[in-house]
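Subject: Structure handover and findings

Hello,

Please find the structure below. The notes after it say what was found.

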Amino acid sequence: MWKSVIYLFVLLLGVIRAEDVKDLRNNEVSIKGRLELSEIDISAYMIPRCSFRLYQIGNYSADKPFHQITRIKDKNGTFEFNHVPINHGVNESTYFVMTPSSRDFNLLPQRVLVEVTNIFNETTGKVEQQLKAFRNYFGREYFPSKDIHFPDKLEEMDALPYISIKMSKMLPFRDYLQQRNVGLLQSGPLAGILNSKWKIAAVITLLALMTFPYLVEKLDPETARAMKEEARKKQREKYVVKEE
C-alpha cells in the first residue's frame, strides 16, 4: 500500500513539474531576423564576421536582464534569438534592444527596440504575444519614460516574419601591415615639414625672401643698382643725423 502511495505521489510531482516547465516555455518567445545585403551573396567567410546582440531593458522578472548573442544561420542571412523570456501578465510588455555588428559592412538600423506584449485573444481564449520593432536613432530614448513629458516617437518597422537588417555601405579595407624601413621623406624632420602645410608655406616664404635680391639683380640690373644706392643713401643719412 505504501508503495502505491509513494508511486502516486511521485507521479503527481512529475505532472506538476511538467506543467511548470510548460508554463515556463509559454513565457518564452523567439525573435527572428534577416540580414539583407542586396546584390552581395553571403558567403561562408562572412557568416562568422557578423553577429547580433539582444539584451533586455526596463522591467524584468528574472534576477538579471536577458542577454544573448547569435550569428547568421545560413546563406539567406537569417538569424534567431531562442528562449527569450518575457514578463507574466496580460497586457504586460517586455522590451529588448537588438544591435547588429559586422567587420565588413555598416548595418542599418544600428539599434532596434523590440517590444513583446501579452494580449488575450478572445477567440481562442489564450494569451498570445504581439511582437513590434522600432528603429532606434542616436540621441533618442529606448522607450518612452514616465519622467519625460514629451518623449520622442520611434519609427515602427516590420517585425514579422522577421526583423530586416540592411547594409548601408561597405567598410574600407584596413592595412594591418606597417613598413619598418621607411625613407627620409616618410619619417624624420624632413617628413614632418613635408606633411605640414604651414611648415611648407614658411619654408617657401623664407626661400623667396633669400633669393629675391639675386633674381632682381639677374633680371633687372639697373633696378638692383638703384635699390643698392637707395639703401646706401639711407645708411649715410643715419650717420649724418647722429653726427649733428
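Contact here means heavy atoms within 4.5 Å. Among contacts in the protein between residues at least 6 apart in sequence, 57% join residues at least 24 apart.

Before the rest, the ground rules. This is a predicted model, in which local features need pLDDT of at least 70 and side-chain atom pairs count only at pLDDT 80 or more, while totals for chains, interfaces and linings use all residues. Residues are numbered from 1 along each chain as its sequence is written, and side-chain values use heavy atoms, with hydrogens and water left out.

Overall make-up

The protein has four helices and ten strands; helices (H or I, at least four residues) and strands (E, at least two) are DSSP runs, numbered from the N terminus. Read from the N terminus, the order of elements is α-β-β-β-β-β-β-β-β-β-β-α-α-α. Of the 244 residues, 25% count as buried. Buried means under 20% relative accessible area, exposed over 50%, and partly exposed in between (1.4 Å probe, protein chains only). The accessible surface of the protein is about 19300 Å², and 57% of that belongs to carbon and sulfur atoms. Accessible areas come from the Shrake-Rupley method with a 1.4 Å probe; for residues, only the protein chains shown count as cover.

Aromatic pairs

Rings of Phe, Tyr and Trp (its six-membered ring) pair if their centres lie within 6.5 Å; planes under 30 degrees apart count as stacked, over 60 as edge-to-face and the rest as tilted. By this rule there are three aromatic pairs. In one of them, Phe52 and Phe79 have ring centres 3.7 Å apart and planes at 5°, so the pair is stacked. Phe52 is in strand S2 (residues 50–57) and Phe79 in strand S4 (residues 78–85), so this pair ties together parts that are 27 residues apart in sequence. Phe52 is buried at a relative accessible area of 0%, and Phe79 is buried at 1%. Phe79 also pairs with Phe81: the ring centres are 6.1 Å apart and the planes at 85°, so the pair is edge-to-face. Phe81 is buried, as is Phe79.

Strands S2 and S3

Two strands pair if DSSP finds at least two bridges between them. S2 and S3 run antiparallel and are joined by five bridges. Leu54 stands opposite Gln68 in S3.

Salt bridges

Side chains of opposite charge can pair when their charged atoms come close. A salt bridge is counted here when a side-chain nitrogen of Lys or Arg is within 4 Å of a carboxyl oxygen of Asp or Glu. The structure holds four salt bridges, including the following.

- Asp104 and Arg49: the closest N and O atoms are 2.9 Å apart. This pair links distant parts of the chain, with Asp104 in the loop between S5 and strand S6 (105–108) and Arg49 in the loop between strand S1 (28–36) and S2, 55 residues apart. Asp104 is buried, with a relative accessible area of 15%.
- Lys73 and Glu80: the N to O distance is 3.2 Å. Lys73 counts as exposed at 54% relative accessibility, while Glu80 is buried at 17%.
- Glu229 and Arg232: the N to O distance is 3.6 Å. The two residues are three apart in helix H4 (residues 221–243), separated by about one helical turn. Glu229 is partly exposed at 39%, and so is Arg232 at 49%.

Polar contacts

A polar contact is a pair of N or O atoms within 3.5 Å; within protein, one must be able to donate a hydrogen and the other to accept it, and residues adjacent in sequence count only if both atoms are side-chain atoms. Ser102 is in strand S5 (residues 93–102) and is buried, with a relative accessible area of 15%. The Ser102 side chain reaches the backbone nitrogen of Asp104 at 3.1 Å, and a polar atom of that side chain lies 3.2 Å from the backbone nitrogen of Phe105.

Thr117, in strand S7 (residues 112–121), counts as buried at 12% relative accessibility. The side chains of Thr117 and Ser93 make a polar contact at 3.0 Å. Leaving aside neighbours within four places in sequence, Thr117 is in contact with Asn91, Glu92, Ser93, Glu128, Gln129 and Gln130.

Regards
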